[in-house]
Amino acid sequence: MAIKVEHELHSRRKGRNLGVGLVLVGLVGIVFGLTVVKVLNLENIAQFERFDHVARPQLEPSASEGTQ
Amino acid sequence: MTDASVTDVAHNGAQTNEAGFGDYFALLKPRVMSLVVFTALVGLVVAPVGIHPFIGFVAILCIAVGAGASGALNMWWDADIDSVMKRTSRRPIPAGKVEPSEALGIGLALSGFSVILLFLATNLLAAALLAFTIFFYAVIYSMWLKRATPQNIVIGGAAGAFPPMIGWAVATGGVSIESALMFALIFMWTPPHFWALALFVRSDYGDAGVPMLTETHGRPITRNHILVYTLFLVPVALGLGFTSIGGPVYLAAAFVLNLRFFYGAWLVWLRDDAAAEADNYATEKWLFRISLSYLFLHFGLLLVEAALHSLGWSIW
């Protein structure tokens with residue numbers, strides 16, 4: 001027998017499911033917020049700018065040393 | 001689980017005992033968490049290095065969740081004791097709302113989450129200290145020493161003393177005399193605080209097979225221990241005033257608080273049980289009450305000094 005959409009289990013566990021949902025949303029918010037804060041606080045944005053499916057030899061330390 | 005089995009459970013009355021979200025939250029010992037949050041926040045705020053407020057918020061959350069996770073592991077391990085003692089018999093596991101295996105799973109998962117997230121958000125030392133705190137409370141205290149020695153409350157106090165040290169490590173990435181003294185303040189405060197309570201509350205630890213000093217060594221010895229630990233506590237509390245996070249405001253107020261606390265411990269030491277029963281343990285109850293405000297005010301004073309330092313009003 002399949003659980004119906006309006007099974008009493010759904011209303012019985014509504015509070016628990018809502019709580020778990022809010023915790024997961026909070027976790028996503030924390031990870032997103034941390035990412036934004038960490039990136040914005042980098043002293044040199046080149047630390048974040050790395051390989052992006054295209055080779056970027058100019059980002060390598062040896063390349064910048066060679067131009068100086 | 002099939003619909004049929006769910007219905008069977010519902011019909012035999014088990015649904016009335018089904019855990020809600022609040023029952024899972026209760027596994028994390030929210031009242032202990034509030035002390036952990038406050039002391040960790042002070043450790044973070046008084047540190048000489050500032051951090052981004054959002055990272056600070058995440059760090060405090062991780063410390064709180066880590067403390068809660070160790071509480072869940074403690075409830076899993078101590079379910080047999082909790083069901084015997086009146087004070088703890090309504091906890092989620094002995095009440096039959098949460099399965100022991102669920103508490104173990106939640107405790108382990110939240111421990112891992114909190115330590116890893118703290119490492120990613122801050123630094124390795126802070127995460128390592130949090131991991132050690134969880135290990136210390138769950139394994140060293142709960143599994144090993146709680147049932148083995150009447151000094152259990154002294155050792156268990158160390159787990160509660162780590163949060164300000166972790167808060168300091170979050171900001172500075174290190175350990176210093178200041179964070180060590182904040183640790184020592186809570187560590188030395190825990191025994192007289194708890195034993196003052198043990199003197200006037202009839203405990204059923206004995207029925208549960210947990211050795212408590214009042215029962216293994218007697219109440220006069222417990223009174224001696226309260227006085228001795230208070231003698232160790234006073235220099236730690238005052239010494240904190242001479243470090244970079246202290247100052248004249250802290251020192252002046254701490255002097256009064258420690259004088260009052262020592263006076264209370266001295267009065268408790270002078271009494272015997274006959275005198276205590278005559279006035280319904282009035283002095284012991286007074287010492288317990290002032291011990292609560294004692295710790296809160298010391299950490300509150302460190303916040304006041306941090307505010308004064310930020311305004312440039314610092315003497316040392």
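This is a predicted model: local features need pLDDT of at least 70, side-chain atom pairs count only at pLDDT 80 or more; totals for chains, interfaces and linings use all residues.
Local features are described where pLDDT is at least 70, side-chain atom pairs count only at pLDDT 80 or more, and totals for chains, interfaces and linings use all residues. Residues are numbered from 1 along each chain as its sequence is written, while chains are lettered from A and ligands numbered from 1 in the order in which they are written.

**Chain A**

- Chain A has three helices and zero strands, and its pattern along the sequence reads α-α-α. Helices (H or I, at least four residues) and strands (E, at least two) are DSSP runs, numbered from the N terminus.
- The average pLDDT of chain A is 79, and 69% of the residues score at least 70; pLDDT is the predictor's confidence in each residue, from 0 to 100.
- Of the 68 residues in chain A, 0% count as buried. A residue is buried if 20 or more other C-beta atoms lie within 10 Å of its own, exposed if 12 or fewer, and partly exposed in between, with C-beta atoms placed from the backbone.

**The two domains of chain B**

- Chain B is divided into domain 1 (23-174) and domain 2 (176-316), with bounds that come from an automatic or database domain assignment.
- The centres of domain 1 and domain 2 of chain B, taken over C-alpha atoms, are separated by 22 Å.
- Where the domains of chain B meet, 26 residues of domain 1 are in contact with 27 residues of domain 2. Two residues are in contact if their C-beta atoms, placed from the backbone, lie within 7 Å.
- On the domain 1 side of this meeting in chain B, the elements giving two or more residues are α3, α5 (79-84) and α8 (152-172). The largest share, 10 residues, comes from α8(B).
- That side of domain 1 of chain B has 17 nonpolar, six polar and three charged residues. Here Ala, Val, Leu, Ile, Met, Phe, Trp, Tyr, Cys and Pro count as nonpolar, Asp, Glu, Lys and Arg as charged, and the others, Gly among them, as polar.

**Helix α3 of chain B and its partners**

- Two packed helices are described by the angle between their axes and the distance between the axes. Axes are lines fitted to C-alpha atoms, for helices over the stretch in contact, and angles run from 0 to 180 degrees between N-to-C directions.
- Helix α3 (residues 30-46) of chain B packs with helix α4 (residues 53-77) of chain B at about 145 degrees, and their axes are 9 Å apart.
- The crossing of α3(B) and α4(B) is right-handed. A crossing is right-handed if the near helix is turned clockwise from the far one by less than a right angle, and left-handed if anticlockwise.
- Residues making this contact include V32(B), M33(B) and V36(B) of α3(B), along with G56(B), A59(B) and I60(B) of α4(B). The contact of α3(B) with α4(B) has 12 nonpolar, three polar and no charged residues.
- With α8(B), the axis of α3(B) comes within 7 Å and crosses at roughly 35 degrees; this crossing is right-handed too.
- Among the residues that meet here are T39(B) and V42(B) in α3(B), and P163(B), P164(B) and W168(B) in α8(B). The contact of α3(B) with α8(B) divides into 12 nonpolar, three polar and no charged residues.

**Individual residues of chain B**

- F187(B) lies in helix α9 (residues 177-200) of chain B and counts as buried because 21 other C-beta atoms are within 10 Å.
- Beyond its neighbours within four places in sequence, F187(B) is in contact with G157(B), A158(B) and A161(B).
- V49(B) sits in the loop between α3 and α4 of chain B and is exposed, with 11 C-beta neighbours inside 10 Å. Leaving aside neighbours within four places in sequence, V49(B) is in contact with A171(B) and T172(B).
- Most residues other than glycine have a negative phi. K29(B), not a glycine, has a positive phi of about 50 degrees, and K29(B) is found in the loop between α2 (21-26) and α3 of chain B.
- N280(B) also has a positive phi, near 55 degrees, and is found in the loop between α14 (273-278) and α15 (282-310) of chain B.
- K29(B) is partly exposed, with 18 C-beta neighbours inside 10 Å, whereas N280(B) is exposed, with 9 other C-beta atoms within 10 Å.
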